[in-house]
Amino acid sequence: MATIKFNEKKGYYEVRYDAGFDGNGKRIQKYKGGFKKERDAKLFAAQLTVNISQGTHIEPNKMFLFEYLNNWLEEKKETISPTSYCGYEVNIRCHINPYIGGIKLSDLRAAHIRGLYSKLQKAREIKIDGEKRSFKPLSGTSIRYVHRVLSKALEDAYREETIPKNPAKLVTPPTKNKFEAGFLSTKQIREMLDKLREDALYMPVYLSVVLGARRGEVLGLQWSDVDMENKLIHIRHNLIMDNGNPVLREKTKTDSSNRVIVVTDRLIKALKEHKLKLKQKEMKLQHGQLYHKSDFVCTWPDGKPFNPSHLSRSFSLRLQKYGLPNIRFHDLRHSNAALMIAQNVPMKGASDRLGHSTIQITNDLYGHTERSVQEEIAIKIDQAIWGS
């Protein structure tokens with residue numbers, strides 16, 4: 001039951017209503033003020049009565065969005081992977097909270113979210129944790145990640161009946177950027193490996209471009225995963241960062257990226273030489289207890305495992321230093337795929353080697369070839385029609 005009264009002292013209409021009972025069975029009474037016109041107060045009271053009768057009324061939550069998101073993230077920590085948690089945390093701390101975190105959860109509307117995405121598409125400077133930071137415009141793909149996190153959190157709030165609906169569902173995020181894999185030519189690969197031969201990055205770069213393995217798979221590779229006698233490498237671990245520390249995660253048996261790759265004598269020889277070099281360094285540093293013993297194939301000279309992000313940054317600096325094409329570390333995997341396609345490797349074989357769950361993924365990502373291969377195809381078509 002809702003009643004309307006005019007507050008003469010404050011000069012506006014108020015709606016008073018019952019909001020259920022507390023834990024002791026005592027009736028809870030609430031009021032909503034600020035109506036300048038009686039008509040507006042009556043409309044609110046009428047809608048309120050309908051919502052209460054239908055069981056769809058939710059009391060306005062005084063919690064701010066940033067408080068809810070931070071609490072939600074903390075609850076999710078135990079149920080998601082460290083990598084996912086890190087991505088969620090960055091999106092909330094850097095891209096959501098600074099702009100709309102100060103809005104009350106109950107007041108959040110689709111217009112606020114659309115405004116957020118508009119801001120994220122522009123270069124900006126903002127203080128985060130007391131420190132001024134600059135951000136480049138986010139791509140459509142990155143904003144879709146932000147949208148996914150925000151929508152997931154608000155959907156949980158809706159399911160818990162904290163908010164009456166999920167406003168993120170009323171917003172269409174920017175279009176996802178079309179992905180185009182970068183890759184190196186065979187000549188560029190040879191040049192890169194020659195330049196890095198005495199560098200600590202040589203082995204992770206070599207393994208990535210030859211095996212087509214992901215960054216975390218290369219860094220998570222252990223000597224126990226290498227079968228030198230049978231020339232096999234087992235991809236069954238992934239190295240990720242958790243609270244600034246490298247953590248080795250074992251792939252599940254049902255994970256399609258858990259695979260065995262056949263390798264050549266050349267790679268086995270390189271691995272043997274690399275292992276011998278590591279043992280020699282260990283002997284030199286052993287007495288000072290500076291060497292970090294582990295079973296990792298790829299480490300810094302002191303035995304410490306690579307931080308995946310640091311490896312990518314170091315790789316980028318090496319490319320600049322040696323005047324090589326500016327590609328990402330992950331593009332070494334793309335280069336491996338491009339080589340297989342160029343050599344007419346069956347798509348199923350390429351898909352299995354890369355650890356894709358379906359051939360379609362491989363085809364969508366790498367259904368293109370180097371220009372030289374395209375030229376060769378064009379010449380063969382000409383020859384087929386008109387002769388050589």
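Colleague: Is the crossing of helix 4 and helix 5 left-handed or right-handed?

Modeller: Good place to start! Bear in mind that this is a predicted model. The crossing of helix 4 with helix 5 is right-handed.

Colleague: And how is a pair of packed helices described in general?

Modeller: Two values do the work: the angle between the axes and the distance between them. Here, helix 4 (residues 110-120) packs on helix 5 (residues 140-159) at about 155 degrees, and their axes lie 11 Å apart. Because of that angle, helix 4 is roughly antiparallel to helix 5.

Colleague: Which residues of helix 4 and helix 5 meet?

Modeller: Helix 4 brings Ile-113, Leu-116, Tyr-117 and Leu-120, while helix 5 brings Ile-143, Val-146, His-147, Leu-150 and Leu-154. By class, eight of these contact residues are nonpolar, one is polar and none is charged.

Colleague: Let me try another pair. At what angle do helix 2 and helix 3 pack?

Modeller: For helix 2 (residues 65-76) and helix 3 (residues 82-100) the angle is about 175 degrees, with the axes 10 Å apart. Helix 2 is therefore roughly antiparallel to helix 3. Their contact includes Phe-66, Leu-69 and Trp-72 of helix 2, along with Tyr-85, Tyr-88 and Ile-92 of helix 3. The contact of helix 2 with helix 3 has 10 nonpolar, two polar and two charged residues.

Colleague: How far apart are the axes of helix 11 and helix 12?

Modeller: The axes of helix 11 (residues 331-342) and helix 12 (residues 347-354) are 10 Å apart, at an angle of about 160 degrees. That angle is why helix 11 counts as roughly antiparallel to helix 12. The crossing of helix 11 and helix 12 is right-handed. Arg-333, Asn-336, Ala-337, Met-340 and Ile-341 of helix 11 touch Met-347, Ala-350, Arg-353 and Leu-354 of helix 12. Six residues of this contact are nonpolar, one is polar and two are charged.

Colleague: Now for pockets. What volume does the second largest pocket have?

Modeller: Its volume is about 1200 Å³. The second largest pocket is lined by 36 residues, and nearest its centre lie Leu-193, Tyr-202, Tyr-206, Val-210 and Ala-270.

Colleague: Which helix gives the most to the lining of the second largest pocket?

Modeller: Helix 9 does, with nine residues.

Methods:
Residues are numbered from 1 along each chain as its sequence is written. This is a predicted model: local features need pLDDT of at least 70, side-chain atom pairs count only at pLDDT 80 or more; totals for chains, interfaces and linings use all residues. Side-chain values use heavy atoms; hydrogens and water are left out. Axes are lines fitted to C-alpha atoms, for helices over the stretch in contact, and angles run from 0 to 180 degrees between N-to-C directions. Helices (H or I, at least four residues) and strands (E, at least two) are DSSP runs, numbered from the N terminus. Angles under 35 degrees count as roughly parallel, over 145 as roughly antiparallel, 65 to 115 as roughly perpendicular and the rest as oblique. A crossing is left-handed if the near helix is turned anticlockwise from the far one by less than a right angle, and right-handed if clockwise. Contact means heavy atoms within 4.5 Å. Ala, Val, Leu, Ile, Met, Phe, Trp, Tyr, Cys and Pro count as nonpolar, Asp, Glu, Lys and Arg as charged, and the others, Gly among them, as polar. On a 1 Å grid over the protein atoms alone, a cavity is a set of points where a 1.4 Å probe fits but cannot get out, and a pocket is an open set with protein on both sides within 12 Å along at least five of seven lines; lining residues have an atom within 4 Å of a point. Grid points are joined across faces, edges and corners, and a volume is the space filled by probe spheres set on the points.
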